[in-house]
Every structure is written in structure tokens, then in C-alpha cells.
Amino acid sequence: MKKIISFLPFLALLVSCDLLNDTKISSTDLGGDTNLTMNAVGTKVSTNVQVGSTSYPASATVTSNVNGVVTMDVKATLPKNNSLVNLIPANLKDASGNLSTTAKYKNTSEGILDYTNKDGKPFVIVNYSSNVGDKYVLTKSDGTTITRTVTAKKEVDDYPVMGGSMLIKTMTVEQDSRIPGVSKIVYITNHHYALVAVVVYMSDGTSTKISLL
């Protein structure tokens with residue numbers, strides 16, 4: 001199943017600049033092979049945004065690939081009066097209040113980074129060679145920082161995907177938040193399928209999960 005990074009603009013809560021973390025793994029750059037099937041122009045993924053027990057349809061289509069930096073058109077039906085949805089800027093929505101925007105990211109055999117922060121700078125989501133405790137730390141243009149920390153790296157296939165029909169190994173990265181109402185963002189990744197899921201945890205105890213596999 002082809003998977004791509006399809007809902008990073010839905011998480012338009014990010015910030016960026018150029019720093020290295022303590023493990024000398026770059027927070028802003030990735031190497032690796034970008035000639036991946038999931039990066040090909042025209043690739044389309046249909047997926048869902050799950051809020052509680054309700055799923056909402058969503059899709060993303062790759063529209064360009066320039067030296068491994070991919071741009072996508074992203075659309076998703078969004079629930080009304082949801083605490084997370086209410087934080088999404090109006091310029092990322094259509095007239096009906098649903099998500100309709102573009103996203104830019106780099107997906108390689110080494111990891112994933114995005115450009116969805118307000119400064120448009122690259123920020124690593126995961127480097128597959130990282131270990132638990134490694135951090136990707138960047139500084140916003142206003143001088144405040146944001147940190148993504150590897151919190152789990154599984155050596156066994158124990159994460160259910162495709163409706164529970166398959167188990168895969170995963171790496172989990174947790175991002176802190178400076179956004180009022182959002183406590184943290186958790187990225188679940190896999191070295192073969194890239195971004196598997198994103199969970200946004202709200203300060204009121206609710207969460208929204210974007211399942212990509």
C-alpha cells in the first residue's frame with residue numbers, strides 16, 4: 001500500500017531554524033534514496049481522519065517532485081466544532097470548512113522531514129538511524145524552540161495496520177507543543193511505509209488520529 005506524508009498541513013503547528021541535536025543527527029537534513037514509488041508524481045492516497053469513533057474521508061495527490069522534495073494537494077472532510085479543527089488556519093480550508101491545501105515534504109530511505117512550519121524551513125520528523133532519546137531541535141524565527149524526541153523504536157512487528165491484518169515495526173516520535181490547546185503531537189513511522197499515523201493530543205484530554213496505513 002503506497003503511503004505518503006499527507007496531512008502535515010493539518011498539523012500547521014510547527015516551527016523551524018537550523019540546529020543540530022546532541023546526537024549529531026541533523027534536525028534539518030536527510031540523505032538517502034528519494035527514488036521511491038510513493039514519491040512519484042500522480043501518486044494518490046485515500047485515507048481517513050479519525051475523531052473518536054468517527055472516520056472522515058481524506059486524500060492526497062503528489063503534484064511535483066523536485067530532487068526528492070515533493071509537493072501534494074491535500075483534501076479532507078473535517079468534523080465541525082472540533083477543538084483541533086478550530087485551530088487550523090482559515091487559509092488551509094475551503095468555503096465549506098474542509099481541509100484544502102498543499103504540503104511539501106521530503107521522504108527518503110533515511111527518514112522524513114517536512115516544511116510545514118511558518119518559516120518554510122526543513123524539519124526532520126524521523127531519521128530511521130536514530131535511537132530512543134534522540135532529539136530533533138529547531139528554533140522558530142521568534143527565538144522559541146520546538147523539539148521532536150524519539151520515544152520508542154521497536155525491534156519486533158507489533159503495530160497493527162491495514163485493519164489489523166498485518167503487523168509492522170515502528171518508531172515513535174513525540175513533539176512538544178507551544179500551541180494553546182494542544183499538549184503534544186505523536187508521529188508513528190516505519191522505515192518502509194514512512195508515516196503510519198499521527199495523533200494530536202489536546203489539553204482537554206481528547207485526541208485526533210490520522211491513520212495512513
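The side chain of Ser27 reaches the backbone nitrogen of Val137, and the distance between them is 2.9 Å. This value, like the others here, comes from a predicted model. Ser27 belongs to the segment before β1, the strand that covers residues 44-51. Is Ser27 buried or exposed? Its relative accessible area is 0%, and buried means under 20%, so Ser27 is buried.

The chain as a whole has zero helices and 14 strands.

Strand β11 takes in residues 171-176 and strand β12 residues 182-190, and the two pair in the antiparallel sense over six bridges. Take Gln175 as an example: its bridge partner in β12 is Ile185.

Another strand, β2, spans residues 54-66 and includes Pro57. Which residues does Pro57 touch, leaving aside those up to four places away in sequence? They are Thr47, Ala76 and Thr77. Pro57 and Thr47 are 10 residues apart along the chain, and their C-alpha atoms are separated by 6.2 Å. Exposed means over 50% relative accessible area; Pro57 has 52% relative accessibility, so Pro57 counts as exposed.

Next comes the interior. Of the 213 residues of the chain, 51% count as buried. The largest nonpolar core has 46 residues, and Val126 and Tyr136 are those with the most contacts inside it. Another core, of nine residues, lies apart from that one; among its residues are Tyr159, Val161, Tyr193 and Leu213.

Two totals complete the account. Among contacts between residues at least 6 apart in sequence, 50% join residues at least 24 apart. The accessible surface of the chain comes to about 9300 Å², and carbon and sulfur atoms make up 50% of that surface.

Definitions and conventions: Residues are numbered from 1 along each chain as its sequence is written. This is a predicted model: local features need pLDDT of at least 70, side-chain atom pairs count only at pLDDT 80 or more; totals for chains, interfaces and linings use all residues. Side-chain values use heavy atoms; hydrogens and water are left out. Helices (H or I, at least four residues) and strands (E, at least two) are DSSP runs, numbered from the N terminus. Buried means under 20% relative accessible area, exposed over 50%, partly exposed in between (1.4 Å probe, protein chains only). Contact means heavy atoms within 4.5 Å. Accessible areas come from the Shrake-Rupley method with a 1.4 Å probe; for residues, only the protein chains shown count as cover. A nonpolar core is a set of buried Ala, Val, Leu, Ile, Met, Phe, Trp, Tyr and Cys residues joined through side-chain atoms within 4.5 Å. A polar contact is a pair of N or O atoms within 3.5 Å; within protein, one must be able to donate a hydrogen and the other to accept it, and residues adjacent in sequence count only if both atoms are side-chain atoms. Two strands pair if DSSP finds at least two bridges between them.
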